[in-house]
Structure formats: C-alpha cells, structure tokens
Amino acid sequence: MQRLLFPPLKALMGSPCLRLLVPRAAPRTQCGCSCGIRSALRPGQYSTISDVALQSGRGTESLPSKAAERVVGRWLLVCSGTVAGAVILGGVTRLTESGLSMVDWHLIKEMKPPTSQEEWEAEFQKYQQFPEFKILNRDMTLAEFKFIWYMEYSHRMWGRLVGLAYILPAAYFWRKGWLSRNMKGRVLALCGLVCFQGLLGWYMVKSGLEEKPDSHDIPRVSQYRLAAHLGSALVLYCASLWTSLSLLLSPHKLPETRQLLRLRRFAHGTAGLVFLTALSGAFVAGLDAGLVYNSFPKMGESWIPEDLFTFSPILRNVFENPTMVQFDHRILGITSVTAITVLYLLSRRIPLPRRTKMAAVTLLALAYTQVGLGISTLLMYVPTPLAATHQSGSLALLSVALWLMNELRRVPK
C-alpha cells in the first residue's frame, strides 16, 4: 500500500497547480537562533497535502497514480491473454467439429458437467435430435461424444473465466479509485464487449442446430456469425492489449518528422491488414475452404481457378464460395507479409529506439513464420495441431503489430 500511495503523493507535492489550490501556511518567523519556526495556523489553513486529505475526509488512495496505472496495465495484459486463450481454444473446438455438441445454453446450470452414466446418456440423446448427429455422426459412440462435448464445455467455461477476469477486478479497481475518468469509460466498454461476446457465441451455435430441409450439406455454423464472433473477440483482444501497452510502456519522445509520420501511418494500415487477414480466416474455417485446393502457389493447375464466380449474385462468392474464400485469404496473407516487409525497410531508414527496432524485427520474423505455417497447413490437408498453430500465429502477429504501433504513437504535448 505504501508503494501505491507515496509515489503519487510526492508527485503531487511538487505540482504547481496544487500549490495554487492549497492555502499556504503562515510564513516562517525568525527566532533568536538560526532556525525558522512556523507560526500557529489559523482555522482553514493547512500545512501539507496529507492535512488537506484528512480535513476533506478523502485519502490519497483514490487518486490515480503511476503505480495504480501499472497495476491496471498488468491486469489488462492478463485479460488479453485470457482472450487469446479463448480464441485459440475456440479454433481447436472448430477444427475438431465439437462446437455443436452442447445443444442448449445456461449461464449457471451447464457449469456442472454430467457425472453419472444416466446423465451422459441423457445428454447424448439430446444431441441425437439435431442435424449434426443425423447427417454426419450417426455412428458416433458415447465415448466419442464425450470428447467433443468436453471440448465445447472447456471453451464455454473458459469464456466464463474471461468474463470474471474482466468484471471482478474492474469493480475492485473502480471502488478503490484507481481508474481515471477516461479509463472508466474504456473498462465499461471492455466489460460490455465481454458480455456481448458470450451472447454472440450462443447466437452462432444456434445457426448450426437449425433444421435445413432443403440442404444436404454438412451441418455447420453460419460463417457470417462465426466471423462476427471471432471479430468481436479480436476487437476485445486488441483493445485490451493496446490499453495495457499504453499504460505499461513509457512512450518515446521521437522527433515529429515527415518520415516518422509516414512510418506511423503505414504501421496503422499494416496492422489493419493483419486484422482483416485474421478475420478472413473465420470464413475459411466456417466453409472448410482449406480443403478445397491443397496446392501452392497455384490453386490446382492454374493461378486463378475457374470456379471463383459460380454463385449468383457475384458478391455471394466473396463470403459463400469456398474457392473464392480461400483465394481471398491467400491474397490477403501475401499482401500482409509484403506490407510488413516494406514496413521493416522503412523503419531501417529512421533512427529509432532499440525497443522499437526489436518490435519491427519481431514482426517481420513472425510474418514469414506465419506464411510458412499457412502453406504447410494447406499442403498437409489441415491437420488439427498445425492448423491450431497457424491460428495462434495470427494472434501473435497481431500482437506484435500493436506493439509496434504503440512504440510509434504520438506523445501528447
């Protein structure tokens, strides 16, 4: 507690604004010796900041401080880690086709898994009433069902853990007065997005449980809802990580040159491109588009496959045609790694701090690693461990892009 209270107290003691607000003590009077002593204080006159706090009935604990900012920054860093875990676990759940194993949603009731044979059989019977079992898994055993059920159960429970990681500490920090006015708005938005993310996840699952009499396709969730679910998770992750880095990393006082301004803008555009590439992966996963053309650099025997525009109207192909979806993901991936390479070359022309150079080098290395993982996943027909690593790589790439943006951010005057 002393670490939290005393640093801001010392900073406030030297603040010129505060000296104007706090009434001054009476001037020193000279005695016969060489030391000075203060005369008695009149009512309403305070000698120190602590006296002001005591008289007003408020302690310095409620004042936002650098120490409090570091605590909040570390908390948001942990929160962004839990979101990353949820995204990775959700990807594995999708790759193992486990997302439709739990056919109902209860916030509290479903937290207790089945324990007896009768409870497991009842859960299995509920699953058998839905399209995935009727069309795809008619020969599934109870043991196989338990595996996919536990995968989805783990993902849902992790989502609840994410909610608790945000909401409970936020309420504590708010009560302690460790959040500035601006930070309160951010924290409220983050907590609201966490709740929205949970509701969106169930809305996504419902799309895969609906009966579709006119369709003979494999039951799967809507790729649109899957993309919305992943997109909101990525927004939550980026917002938490950016705020955390802004609180924990001291900004560099870089000279505002034309080259730096161009580099900063290019970094923002590159980060947006990386985000869009990761989001397009949701459409690839939702349509199993990674199993359409398993060759590189060509798609089959040609650079541009003939079945890119088989759907009508043409715009549907971008989001519903597996060939077009894989083609778009390839183009976005190649464009992203090209932009990152150019960004690195631009950063070499400007004298930058060592930490900023490290972020640029790390981003370049991760970009080429991610390309290698993507190509390997495609050529090997999307094995689950490799595909999960590729999905995790997109999060790592996005994280370092945010780190570099944070390194280049403008210092407020």
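**Why these names? A guided tour**

Visitor: Why is proline 114 called buried?
Guide: Its relative accessible area is 11%. Buried means under 20% relative accessible area, exposed means over 50%, and partly exposed lies in between (1.4 Å probe, protein chains only). With 11%, under the 20% limit, proline 114 is therefore buried.

Visitor: What kind of model is this?
Guide: It is a predicted model: local features need pLDDT of at least 70, side-chain atom pairs count only at pLDDT 80 or more, and totals for chains, interfaces and linings use all residues. Residues are numbered from 1 along each chain as its sequence is written, and side-chain values use heavy atoms, with hydrogens and water left out.

Visitor: Where is proline 114, and which residues is it in contact with?
Guide: Proline 114 sits in the loop between H4 and H5. The helix labels come from DSSP runs, numbered from the N terminus: helices are H or I, at least four residues, and strands are E, at least two. Contact means heavy atoms within 4.5 Å. Neighbours within four places in sequence aside, proline 114 is in contact with Glu119, Trp120, Glu123, Trp149 and Tyr150.

Visitor: How do you know that the buried residues of H5 line one face?
Guide: Helix H5 covers residues 117–127, and its Trp120, Glu123, Phe124 and Tyr127 are buried. Down the axis of H5, these buried residues fall within an arc of 100 degrees, so they line one face of the helix. The arc is that of the directions from the helix axis to the C-beta atoms.

Visitor: What covers the buried residues of H5?
Guide: The cover includes helix H6 (131–136) and helix H7 (142–176).

Visitor: Is arginine 160 buried or exposed?
Guide: Arginine 160 is found in helix H7. Its relative accessible area is 13%, which makes it buried. Apart from neighbours within four places in sequence, arginine 160 is in contact with Trp105, His106, Leu107, Glu110 and Met111.

Visitor: Why is alanine 86 called buried?
Guide: Alanine 86 belongs to helix H4. Its relative accessible area is 15%, so it counts as buried. Its contacts, leaving aside neighbours within four places in sequence, are His155, Trp158 and Val162. Alanine 86 and leucine 161 are 75 residues apart in sequence, and their C-alpha atoms are 9.4 Å apart in space.

Visitor: What makes arginine 94 and aspartate 288 a salt bridge?
Guide: A salt bridge is a side-chain nitrogen of Lys or Arg within 4 Å of a carboxyl oxygen of Asp or Glu. Here the N to O distance is 3.4 Å, so the pair qualifies. The two lie 194 residues apart: arginine 94 in helix H4 (residues 66–95), aspartate 288 in the loop between H10 and H11. Aspartate 288 has 24% relative accessibility and counts as partly exposed.

Visitor: How many salt bridges does a search of the whole structure find?
Guide: Eleven. Glutamate 211 and lysine 134 form one of them, with the closest N and O atoms 3.4 Å apart. Glutamate 211 lies in the loop between helix H8 (181–209) and helix H9 (223–248), and lysine 134 in helix H6, so the pair ties together parts that are 77 residues apart in sequence. Lysine 134 is partly exposed, at 36% relative accessibility.

Visitor: What makes arginine 410 and glutamate 256 a salt bridge?
Guide: Their side chains meet at 3.1 Å, N to O. That value is within the limit, so the name applies. Arginine 410 is in the segment after helix H14 (384–407), and glutamate 256 is in the loop between H9 and H10, 154 residues away. Both count as partly exposed: arginine 410 at 48%, glutamate 256 at 45%. Elsewhere, salt bridges that share partners join Arg94, Arg220 and Asp288 into one network.

Visitor: Which residues form the nonpolar patch on the surface?
Guide: They are Phe296, Ile334, Leu379 and Met380, with about 370 Å² of accessible area together. Patches take residues with over 30% relative accessible area and no salt bridge: like charges are joined within 9 Å, nonpolar side chains (Val, Leu, Ile, Met, Phe, Trp, Tyr) within 5 Å. Areas come from the Shrake-Rupley method with a 1.4 Å probe; for residues, only the protein chains shown count as cover. Phenylalanine 296 has 35% relative accessibility, so it is partly exposed.

Visitor: How many residues reach a pLDDT of 70 or more?
Guide: 83% of them do, and the chain's mean is 86. Over residues 1–63 the pLDDT is below 50, and this stretch has 51 contacts beyond near neighbours in sequence. pLDDT is the predictor's confidence in each residue, from 0 to 100.
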